[in-house]
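Please look through the structure below with its sequence at hand.

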Amino acid sequence: FWGGQCELGSFETSVIPTTTSAVTRSAETAIGAGDATTFGSEGVLFAEISALANDATLRAIAITDGTVSNIITIRYWATAGAAIIQGLYVDGAGGSASTSIFFPNLTNFAKIALSYGQGALKLYVNGTLEQSVALVVNDAINWNTLQFNIGNGSQVFYGNAKQVQSFNEVLTDAELIALTTI
């Protein structure tokens, strides 16, 4: 018998090997999370996530080319007592759209899908289409990575992620509702 570990939180974590002193878990990273052939000019970014705190810290998960000029992102933050989930599309060629909703508590898990393409940017949260705004997609975008930040290393996603997925095609409304239903 080896590797016993006591957990203070509400879920298990992997074992952190130690000897005689406490060790802090390193931040999780997503290495090899795609390339230019993985991400299409239209698609869906899906995440089942929660924040560590309901505070003004901006947290983002993005499909990007490594800059904030070309991103599809789901962002979390709270301001003046209101928690916000935002979907943002920026294509560097002048195309952009955003959608956002108030959410009761960012520390509660939510299933979020951000669909981009077919003329719309749609934000689904927990089985409901929350917002849809007009979007013109630039087919020349060269997104090549999934990052747990806004795309340039800032707005790091400090939170819990049960799953993060990218689809390189737009899913139907029925598929997006099913995907995000809790």
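**From a loop to the sheet**

Asn126 sits in the loop that links strand S7 (120-125) with strand S8 (128-134), where helices (H or I, at least four residues) and strands (E, at least two) are DSSP runs, numbered from the N terminus. This is a predicted model, in which local features need pLDDT of at least 70 and side-chain atom pairs count only at pLDDT 80 or more, while totals for chains, interfaces and linings use all residues. Residues are numbered from 1 along each chain as its sequence is written, and side-chain values use heavy atoms, with hydrogens and water left out.

The phi angle of Asn126 is near 50°, a positive value in a residue other than glycine. Asn126 is partly exposed, with a relative accessible area of 26% (buried means under 20%, exposed over 50% and partly exposed in between, with a 1.4 Å probe and protein chains only).

Strands S7 and S8 belong to an open sheet of five strands, in the order S8-S7-S6-S1-S10 and with antiparallel pairing; two strands pair if DSSP finds at least two bridges between them. S8 and S10 stand at the edges with a single partner strand each, so one side of each has no neighbour in the sheet. Within the sheet, strand S6 (residues 110-117) pairs with S7 in the antiparallel sense over six bridges, and the bridge partner of Leu114 is Leu123 in S7.

Gln155, in the loop between strand S9 (145-147) and strand S10 (159-167), also has a positive phi, near 55°.
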